[in-house]
Amino acid sequence: MIFSIFLLVSSCSASTDPVTQTRQLPFALTTLTLYDHASDATFSACFERIGTILNEFNMYRDGSEISAVNRSAGRGAVPVSEDFRMALRQALQLASSTDGLFDPTVGPLVKLWRIGSDAAHLPTPQEISSTLRLVGWKDVVLDDKARTVQLLRPGMNLDFGAILKGFSAVETGRILHDRNVKSAVVDVGGSVLTLGSRPDGSSWRIGIQTPGAPTGTSLGVVQVRDEVVNTSGSYEQFFIQNGHRYQHILNPHTGYPVDNGVESVTVIADRLHNADGPTLAILALGVEKGLAFARQIGVEAIIIGEDRRIHLTAGLSGRFTLSDSSYSVAAR
C-alpha cells in the first residue's frame, strides 16, 4: 500500500510545536508526530512495538510467527502469541461478515499472482482453480484456550497483509494513550491514527489522495478526532497484460482481482479499531454493499468510483470537503 492519505497541517504556536521521528520498518515507512510528552523513551517504545508486529505478521520472513503457522499447515496446531490471536480474530470476523470476500487465507493466491513484484503475471485458469482449493477461512482453527492456531489443509497460508499496518497503528495509539500523550499522529505505511485533537482543540485534517495522481495530490479533506483513517485503492499496485489491467486486491471466491468499478476506499473508525481490513472488504464488496457493510460494522467510508463519483456514509456529512471539481459527491 502506498501513502494514500496525508495530514494537512497549519501553523502552530511554539508551545505546541510537534516532534517527529521517522523510521523505515518492514513494508512500512513509519512516522510518529507527538505534540506533547515527546520523550525518546516514548518514541522507542512505539517503534519497537510496531517493528515487532510487522516482523511477526510478515509471511515472507522465514522466522516470523505467521510463517511458522503456515509451514505447519495440515500438520497440527501451533502455539501463537496474544497479538497473533487478536489479529486472527479480527480477520476471521471480517471473513464471516463478508461471506469470505475478505479471507485471511488468501496467501496462496497472493503468491500465485505476485502483483506488486516484477514477477506479476496472469496465471492460467488451471493454476487459479488449483490454488483456490487452498483458500478457505473456515478451515482455520483458533483455539484461544490452548493459545494455538491450526490450518487444516496442507498448502494453506495465512496472509495478514491486509491488517498488519492498521493493527500496528492501533497498538501504537494504546501506548501513547497509556503514556498520557494527548495529541499525536501515527502513520504506519499509510494507515493513520490521530490521537485526540490538534493542540488548539480543532480537528485533524486528513487529505484524501486523488486516485492515480502523484502522492500528496488531494481531492478533498476529511476532519477526524481520535480516529484511524485508512485508504486502499485499485490503482496502487497493478500490472497490464494483453491490454487488461489487473490490480492487487483479489477476490477469494473467483481467484481473480476485484473488478467492480471502485477505484479507492477510505475508512474512518474509532482509534481502537483496525480500519485496514474493513477498507479492503468494502472495496471488494462494491459501492452499495460496501456502504451497507460500513453501516453494519459502525465505520465511516468514502468510496471513489472509476466514474469519479464519491459515495459517503451519512456520518461524514459536514466532515468531508471536496476540493477537486472533476469529482462529484453522489446524492443519497
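Here is a short walk through the model, stop by stop, with what to select and what you'll find there.

Before you start: this is a predicted model, in which local features need pLDDT of at least 70 and side-chain atom pairs count only at pLDDT 80 or more, while totals for chains, interfaces and linings use all residues. Residues are numbered from 1 along each chain as its sequence is written, and side-chain values use heavy atoms, leaving out hydrogens and water.

**Stop 1: the α1/α6 pair**

Select residues 40–56 for helix α1 and 164–178 for helix α6. Helices here are DSSP runs of H or I with at least four residues, strands are runs of E with at least two, and both are numbered from the N terminus. The two axes come within 9 Å and cross at roughly 155 degrees; axes are lines fitted to C-alpha atoms, for helices over the stretch in contact, and angles run from 0 to 180 degrees between N-to-C directions. The crossing is right-handed, meaning the near helix is turned clockwise from the far one by less than a right angle, with anticlockwise being left-handed.

Now show the side chains. On α1, pick Thr42, Ala45, Cys46, Arg49, Ile50, Ile53 and Leu54; on α6, pick Leu164, Phe167, Ser168, Glu171, Thr172, Ile175 and Leu176. These make the contact, which means heavy atoms within 4.5 Å. By class there are 9 nonpolar, 3 polar and 2 charged residues (nonpolar: Ala, Val, Leu, Ile, Met, Phe, Trp, Tyr, Cys and Pro; charged: Asp, Glu, Lys and Arg; polar: the others, Gly among them).

**Stop 2: salt bridges**

A salt bridge is a side-chain nitrogen of Lys or Arg within 4 Å of a carboxyl oxygen of Asp or Glu, and the whole structure has 12 of them.

Next, select glutamate 56 and arginine 61, whose side chains meet in a salt bridge at 3.8 Å, N to O. Glutamate 56 is partly exposed at 24% relative accessibility, and arginine 61 is partly exposed at 31%. (Buried is under 20% relative accessible area, exposed over 50%, partly exposed in between, with a 1.4 Å probe and protein chains only.)

Then go to aspartate 226 and arginine 271, with their closest N and O atoms 3.1 Å apart. Aspartate 226 lies in the loop between β10 and β11 and arginine 271 in the loop between β14 and α7, so the bridge ties together parts 45 residues apart in sequence. Aspartate 226 is partly exposed at 30%, whereas arginine 271 is buried at 8%.

**Stop 3: around β5 and β6**

Select arginine 85 and aspartate 144, a salt bridge at 3.4 Å. Arginine 85 sits in helix α3 (residues 82–97) and aspartate 144 in the loop between β5 and β6, 59 residues apart. Arginine 85 is buried at 7%; aspartate 144 is partly exposed at 36%.

Move to leucine 142 in strand β5, partly exposed at 22%. Among the residues leucine 142 touches are Arg85, Leu88, Leu92 and Thr148.

Finish on threonine 148 in strand β6 (residues 148–151). Buried or exposed, this threonine 148? Threonine 148 counts as buried, at 13% relative accessibility. Its contacts include Ala77, Val78, Pro79 and Leu142.

Definitions and conventions:
Lists of a residue's contacts leave out its neighbours within four places in sequence.
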